[in-house]
Amino acid sequence: MTHLLTAAMPRDAAIALLDLAEDMHQIQDRQVKKLPALRGRTVVNLFFEDSTRTRSSFEIAGKWLSADVINISGKGSSASKGESLRDTGLTIAAMGVDGVVVRSGSSGAPALLADWIGRPVVNAGDGTHEHPTQALLDAFALRRRIHGDAARGKGLDGVRVAIVGDIAHSRVARSNALLLPALGAEVTLVGPPAFLPPGAGPTRLGVRATTDLDAVIAERPDALMLLRVQLERQTGAVVPSAAEYITGWSLTDERLARLGDEARIMHPGPMNRGLEISSRAADADASTILEQVTAGVSVRMAVLYSLLASDHPSPTDGGSR
Ligand code: CP
């Protein structure tokens, strides 16, 4: 793997990354959370959009692998003076960094950066395009919920996942709709007509799409992934209104009761409690939301390790490079 720009990958590659993340996950139980694998390597987190989970978990992941991690945000960097992404990237590369993690509001920015700087680039979310490490951590958390400690080597064969909400604006939905089917899951996209990809029936992503959340809940999916309503990406009036959205597509307490105890409740965060998900649903035993956050560190360790220490035999054997 040279870069991680997309969640579109073969099943074997996805399972290998998830299994490596399982190795990394062990460190969460240790008192000293440090592996020497990336000692002497420098990773820059270049965030042109706000983030809590992704930025901090990439920072923790790099530090737990002993890399030197530098955080640069749009505000406070020369980007705010008008410096282009290309010039910012070339400037960082000229300082000898080994890898760049980038979040941008512009779809396709990480791929351009990868072409320009000749260093491994990780897409930490680009516009409405993709968020591959989010999809990997979602798959990791779901696989663990289903298979527990026996998750290693397994996919998500036959697991029915409904992704609900603002599909059109969601890089999380797109990356999950690419990754989860590769692992064997059956994905259904659910949302208001204005938030679904154009056209009825199977979408260009090859997965089912529907506006009827209640019909999907009646099918008893194995996991329901609620998406944040991205008010900042709406142009003009929000369609549907908040009240209409809650009526048709929110995981309310009433829908939670109909969903039953078996379905896992997922959300990439940050949540709008009371809009796309009720507080009771977010905090239910079936909720994997905080497990997804924990998985984010393990998965991002696996990604950084794969890109920057690929010749290393095992991440947890105490070796160094
Ligand atoms: N899920 C996610 O990308 O969250 P942040 O915006 O907080 O990084």
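This is a predicted model: local features need pLDDT of at least 70, side-chain atom pairs count only at pLDDT 80 or more; totals for chains, interfaces and linings use all residues.
Colleague: Fine. Which helix has Leu112?
Modeller: Leu112 sits in helix H4, which covers residues 109-117.

Colleague: Is Leu112 buried, exposed or partly exposed?
Modeller: Leu112 has 42% relative accessibility, so Leu112 counts as partly exposed. Buried would mean under 20%, and exposed over 50%.

Colleague: Which residues make the nonpolar surface patch?
Modeller: Leu112 makes the patch together with Leu90 and Trp116. The patch comes to about 240 Å².

Colleague: Switching to the ligand. Which residues are around it?
Modeller: Ser51, Thr52, Arg53, Thr54, Arg103, His131, Gln134, Pro268 and Gly269.

Colleague: What does the His131 side chain do there?
Modeller: An N or O atom of the His131 side chain is 2.9 Å from an oxygen atom of the ligand.

Colleague: And Pro268 and Gly269, what are their distances to the ligand?
Modeller: A polar backbone atom of Pro268 is 2.9 Å from a ligand nitrogen. For Gly269, a backbone N or O atom is 3.1 Å from a nitrogen atom of the ligand.

Colleague: How much of the ligand does the protein bury?
Modeller: The protein buries 91% of the 260 Å² that the ligand exposes when taken alone.

Colleague: Last one. Where is Gly274?
Modeller: Gly274 is in the loop between strand S9 (264-266) and helix H10 (279-282). Its relative accessible area is 47%, so Gly274 is partly exposed.

Colleague: How far is Gly274 from Val190?
Modeller: They are 84 residues apart in sequence, and 18 Å apart in space from C-alpha to C-alpha.

Key
Residues are numbered from 1 along each chain as its sequence is written. Side-chain values use heavy atoms; hydrogens and water are left out. Patches are made of residues with over 30% relative accessible area and no salt bridge: like charges are joined within 9 Å, nonpolar side chains (Val, Leu, Ile, Met, Phe, Trp, Tyr) within 5 Å. Accessible areas come from the Shrake-Rupley method with a 1.4 Å probe; for residues, only the protein chains shown count as cover. A salt bridge is a side-chain nitrogen of Lys or Arg within 4 Å of a carboxyl oxygen of Asp or Glu. Helices (H or I, at least four residues) and strands (E, at least two) are DSSP runs, numbered from the N terminus. Buried means under 20% relative accessible area, exposed over 50%, partly exposed in between (1.4 Å probe, protein chains only). A residue is near a molecule or strand if one of its heavy atoms lies within 4 Å of it. A polar contact is a pair of N or O atoms within 3.5 Å; within protein, one must be able to donate a hydrogen and the other to accept it, and residues adjacent in sequence count only if both atoms are side-chain atoms.
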